[in-house]
Amino acid sequence: MTQNPPNLRPDLAPRARLQDKPRDGQPTIGMVSLGCPKALVDSERILTRLRAEGYGISPDYSGADAVIVNTCGFLDSAKAESLEAIGEALNENGKVIVTGCLGADPEYITGVHPKVLAVTGPHQYEQVLDAVHGAVPPDPDPFIDLLPASGVKLTPRHYSYLKISEGCNHSCKFCIIPDMRGKLASRPMKAVLREAEKLVESGVKELLVISQDTSAYGTDWKDREAKFPFLDLARELGQLDAWIRLHYVYPYPHVRDVIPLMAEGKILPYLDIPFQHAHPDTLKRMARPAAAEKTLDRIREWRDICPDITLRSTFIVGYPGETEQEFQTLLDWMDEAQLDRVGCFQYENVEGARSNALPDHVPDDEKQDRWDRFMQKAQTISEAKLAAKVGQVMDVIVDDIDDDGIATCRTKSDAPEIDGNLFIDEGTGTLTVGDIVTVEVDEASDYDLWGQIRS
């Protein structure tokens, strides 16, 4: 049994799963979805609209009449990956429509791939549909083409992403997401809750709440009644019969008020918080909040309220101007914070980011060395934390059962794809994917657990 390694790109969404089988003669569209879970939700919305118009969804190039490539523009490496995916789709299919974050700069794409049929920016659903109509006219059969009540999902049936807002009001120097996706625009709470209820009614067992800045949800509403609608949303979601997992939560002071819901079992005791760094000078150059000491105080307070809370975060090493002393501060901060789950990027220039113009860029070999040292620190912390779970009894959700009967599961501390797994290697004959079962942990590795089903 192999153990789960640290994810090298902690921004990535799970691989899109296309399971539709088109009817004979049905116009079909393929989808390549790259980048983060927020982009995956955009892909789901596009495909849901297309299915409602009678299009089939093809899992491969050869079976598709046209292909949509939903791109990522977060890093230069992600841009290169997107361009490569567009080129592959052109070679394999020929009819390609490009959307997503990279589509905010159409000339960048058409300069490399002039034969694409259309380029649209992120969450421009109507323009994507118009491009599809032009390339492949719809031909619906109202007696056959039925749309699932929950829409088209690209994740397994037992979990789903719930996007609550678009955009971001931060101006971090290394990030161009606000330039591509705009300022914070929160979805109406009634719409979010209606979608969540539909998903749970259709069998979804876990909702992963996502946005660019989840804890700022609703603060863009001028006529809001509550100061922080995020808290009301969390309370309402906590009434549903499902695991509720919060991602991309900035550590504002009001986040403290959601921790009691975790202690009460209303939402999962899990926070995904993008700390990015710990040294105040580095954070200042990033244009991030620089009160790292207050962050440690908040972490201690959260753990006092909910001792079982799992904290996940991502960090950037090798940011321009980062000295060895600043990096050591980050390592020391990790010793203090004892985060449960950690991802890490090596800094990259991104076209249009203000950080490109900063002085004292760190050499690539030094960035790699710091990444290695950071991940070793994170691995040591993870190994100790998981070892302490041996003997504990906990609930897990079943993600997969292989041909040998080994079940791959996740605890409440683990988000899909980016965190660890718990494996059950005997007594799985009655299990099905999506089951939530009670296990006793009997073994631990650096990132994963093994357990036995408790009767």
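1. Helices α6 and α7 are roughly parallel to each other, where angles under 35 degrees count as roughly parallel, over 145 as roughly antiparallel, 65 to 115 as roughly perpendicular and the rest as oblique. The axes of α6 (residues 189-201) and α7 (residues 229-237) cross at roughly 25 degrees and come within 11 Å. Axes are lines fitted to C-alpha atoms, for helices over the stretch in contact, and angles run from 0 to 180 degrees between N-to-C directions. Helices (H or I, at least four residues) and strands (E, at least two) are DSSP runs, numbered from the N terminus.

2. This is a predicted model, in which local features need pLDDT of at least 70 and side-chain atom pairs count only at pLDDT 80 or more, while totals for chains, interfaces and linings use all residues. Residues are numbered from 1 along each chain as its sequence is written, and side-chain values use heavy atoms, with hydrogens and water left out.

3. The crossing of α6 and α7 is right-handed. A crossing is left-handed if the near helix is turned anticlockwise from the far one by less than a right angle, and right-handed if clockwise. On the α6 side the residues are Met 189, Val 192, Leu 193 and Ala 196, and they meet Pro 229, Asp 232, Leu 233, Glu 236 and Leu 237 in α7; contact means heavy atoms within 4.5 Å. The contact of α6 with α7 divides into seven nonpolar, no polar and two charged residues. Here Ala, Val, Leu, Ile, Met, Phe, Trp, Tyr, Cys and Pro count as nonpolar, Asp, Glu, Lys and Arg as charged, and the others, Gly among them, as polar.

4. The crossing in which α1 passes α4 is right-handed. From α1 the contact takes Asp 42, Arg 45, Ile 46, Arg 49 and Leu 50, and from α4 it takes Tyr 125, Glu 126, Val 128, Leu 129 and Val 132. By class, the contact of α1 with α4 holds six nonpolar, no polar and four charged residues.

5. An open sheet of five strands runs in the order β2-β1-β3-β4-β5, with parallel pairing. Two strands pair if DSSP finds at least two bridges between them. β2 (56-58) and β5 (118-119) stand at the edges with a single partner strand each, so one side of each has no neighbour in the sheet. β4 (residues 96-100) pairs with β5 in the parallel sense over two bridges, and Val 98 stands opposite Val 119 in β5. Helix α2 (residues 76-92) packs on this sheet and touches β1 (28-33), β3 (66-71) and β4, its direction making about 175 degrees with that of β3. Helix α4 (residues 125-135) also packs on the sheet, touching β1, β3, β4 and β5, and its direction makes about 180 degrees with that of β4.

6. Another five strands close into a barrel in the order β14-β15-β16-β18-β17, with mixed pairing. From one strand to the next the twist averages 50 degrees. β14 (residues 393-401) runs antiparallel to β17 (residues 436-444), joined by five bridges, and Asp 395 stands opposite Thr 438 in β17. Five bridges also join β14 to β15 (residues 407-411), again antiparallel, with Ile 397 opposite Arg 410 in β15. The hairpin of β14 and β15 has five residues between the strands, and Gly 405 there takes a positive phi near 80 degrees.

7. What is the sense of pairing between β16 and β18? β16 (residues 422-424) and β18 (residues 449-453) run parallel, with two bridges joining them, and Leu 422 has Leu 449 in β18 as its bridge partner. β17 and β18 run antiparallel over five bridges, and in β18 the bridge partner of Glu 443 is Trp 450. β17 and β18 form a hairpin with four residues between them.

8. Gln 276 lies in the loop between β11 (270-272) and α9 (280-286). Is Gln 276 buried or exposed? Gln 276 counts as buried, at 9% relative accessibility; buried means under 20% relative accessible area, exposed over 50%, partly exposed in between (1.4 Å probe, protein chains only). Gln 276 and Phe 315 are 39 residues apart in sequence, and their C-alpha atoms are 3.8 Å apart in space. Leaving aside neighbours within four places in sequence, Gln 276 is in contact with Phe 174, Met 286, Arg 288, Ser 313, Thr 314, Phe 315 and Ile 316.
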